[in-house]
Number of protein chains: 2
Amino acid sequence: MRGLDVCLSPNLIDLHEIEGRVIVVVDILRATSCMTAGIGSGITEIKPFADLDSCVKMKEHGYLIAGERNGQKVEGFDLGNSPFDYMDPANQGCKIAVTTTNGTQAIEKSLAGEHIIIGSFLNISAVANWIRKKDMDVLIVCAGWKGKVNLEDSLFAGALTDMIMPEFSPVCDAPLVALHSYLGMKDNLLEHVLDSSHARRLRRLNISEDIEYCLRFDEFTVVPELVGGALRMSAD
Amino acid sequence: MRGLDVCLSPNLIDLHEIEGRVIVVVDILRATSCMTAGIGSGITEIKPFADLDSCVKMKEHGYLIAGERNGQKVEGFDLGNSPFDYMDPANQGCKIAVTTTNGTQAIEKSLAGEHIIIGSFLNISAVANWIRKKDMDVLIVCAGWKGKVNLEDSLFAGALTDMIMPEFSPVCDAPLVALHSYLGMKDNLLEHVLDSSHARRLRRLNISEDIEYCLRFDEFTVVPELVGGALRMSAD
């Protein structure tokens, strides 16, 4: 049976096997939700960067630039970190270069994976189907908050574990911790996440509409995959 | 309101505030369960060491030496890592020097705390009462398994969170992840832990009796506290 692993914080990634695996990167609030919404709404390509400077330079190459630090849009950038920015019909057909506090850093730490795909509640069933079709072990990498374990990414890991568990076997305890945490909260997911520390930070920034949207299941059927440094709709 | 934090792996400890806090170190299978059982059964003092050599030297100073690596007793040591070794009436009144794979390392990383106490299911209510009496924030440090998050320590963190939550407020999301994981499993704690990766490793070593014992609630009312490098029964 194929193995399923969960890395609850990018700071623990050296303890987990990456090579030869499908890596599902998740940053529910809001990087990977934005990436899903963007690719699902006609953005042709999203290039993630861990640092601001490399991201800004992409402007010269015809990219829109999207930047977030500590929950807020970076000054001078075209887009912030709201899924609604990424779904704006005016941006259809565009390419985006993006950097965020946690999500793009988690992608950077996952680069040794065989396949790197983007997971969010917005495309969770599509992700589950995608990995079911591959004959490969899976590692879910939670972006967390500045290295700390966070609730919403752990809940996504638990929800995806719940969906694929019959076909995959946990290789350590983290999938079980995430799974049971999710099972305990799934009937009031929004309420629990609104009570979490990151959501409390974001609520101060007045983006509860974003939070509510990022917790919706299956708004999109796309699976963004990182190939050659850019996220595009996976053909699989 | 006082803050409650949970560090799910010693490898994440640099992200958590330690100074000025009560640190509850937990390694359910089996270091902190042994320490509780030992101090609760008349062992006068337990000195934890992160490395084998320092531990062995204590033999000359009249200590029994207890050593475990990868779940097994170290050759030539007086005790292994079973709570029953620590409860042996023959050892009453003795002092023990101990080193284990995960638990003693977690203690070493917690040394900057204001108070360092030992938590296990065996003394969980005593620990809850002890920290309620202190006017101080609390950090629960899970020993995990070689840096990885493990189930039984996360469940203890969740169970203690459940007990003290009305009086303490979580300072990050880890207490919530642990809490809901515990609430989802508490009716079948033993079954879930037996299915976890560490317990599966230990079962191969034929110590299911230890595992069953380490998941019992409130066999002891002692709270071992680290003072001057040695664990003794806290007078508080």
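These legends accompany several close-up views of a predicted model.

**View 1. Two chains related by a two-fold axis.** Let us start with the whole pair. The contact surface is shared by both copies, as 100% of the contact residues of chain B recur in chain A.

**View 2. The interface between chain B and chain A.** Here 31 residues of chain B are in contact with 31 residues of chain A. About 2300 Å² is buried between the two chains, and carbon and sulfur atoms give 65% of that area. The polar side of the interface includes 4 residue pairs in polar contact, both residues at pLDDT 80 or more. Helices α6 (151–164), α7 (174–185) and α9 (197–203) of chain B are the elements that give two or more residues to the side touching chain A. Of these, α7(B) supplies the largest share, with 7 residues.

**View 3. Salt bridges around Asp5 and Arg21.** Within its own chain, B:Asp5 pairs with B:Arg21, and the closest N and O atoms are 3.6 Å apart. B:Asp5 sits in strand β1 (2–7) of chain B and B:Arg21 in the loop between β1 and β2 (22–26), so this pair ties together parts that are 16 residues apart in sequence. Both partners are buried: the relative accessible area is 6% for B:Arg21 and 1% for B:Asp5. B:Asp5 also forms a salt bridge with A:Lys148, with 3.9 Å between the closest N and O atoms. Across the interface of chain B and chain A there are 2 salt bridges.

**View 4. A salt bridge between two loops of chain B.** B:Asp78 and B:Lys59 form a salt bridge whose closest N and O atoms are 2.7 Å apart. B:Asp78 belongs to the loop between β5 (72–73) and α3 (83–87), and B:Lys59 to the loop between α2 (52–57) and β4 (64–69), so the pair ties together parts that are 19 residues apart in sequence. B:Asp78 is partly exposed at 30% relative accessibility, and B:Lys59 is partly exposed at 40%.

View 5. The side chains of B:Glu219 and B:Arg216 meet in a salt bridge, 3.9 Å from N to O. B:Glu219 is partly exposed, with a relative accessible area of 37%, and B:Arg216 is partly exposed at 32%. Elsewhere, salt bridges with shared partners join A:Asp5, A:Arg21 and B:Lys148 into one network. Over all chains, the structure holds 16 salt bridges.

**View 6. B:Leu160 in the nonpolar core.** The largest nonpolar core has 151 residues. The members that touch the most others are A:Val24, A:Ile140, A:Leu160, B:Val24, B:Ile140 and B:Leu160. Leaving aside neighbours within four places in sequence, B:Leu160 is in contact with B:Val24, B:Ile124, B:Val127, B:Ala128, B:Ile131 and B:Ile140.

**View 7. A:Ser208 in helix α10.** A:Ser208 is part of helix α10 (residues 208–214) of chain A. This residue is partly exposed, with a relative accessible area of 43%. A:Leu194 is 14 residues from A:Ser208 in sequence, and their C-alpha atoms are 8.3 Å apart in space.

Technical notes: Residues numbered from 1 in each chain as written. Chains lettered and ligands numbered in written order. Predicted model: local features only at pLDDT ≥ 70, side-chain atom pairs only at ≥ 80, totals over all residues. Heavy atoms only, no water. Salt bridge = Lys/Arg side-chain N within 4 Å of Asp/Glu carboxyl O. Helix = DSSP H or I, 4+ residues; strand = E, 2+ residues; numbered from the N terminus. Buried < 20%, exposed > 50% of the residue type's maximum accessible area, 1.4 Å probe, protein only. Core = buried A, V, L, I, M, F, W, Y, C linked by side-chain atoms within 4.5 Å. Contact = heavy atoms within 4.5 Å. Buried area = accessible area lost by both parts, 1.4 Å probe. Polar contact = N/O pair within 3.5 Å; in protein donor to acceptor, adjacent residues only side chain to side chain.
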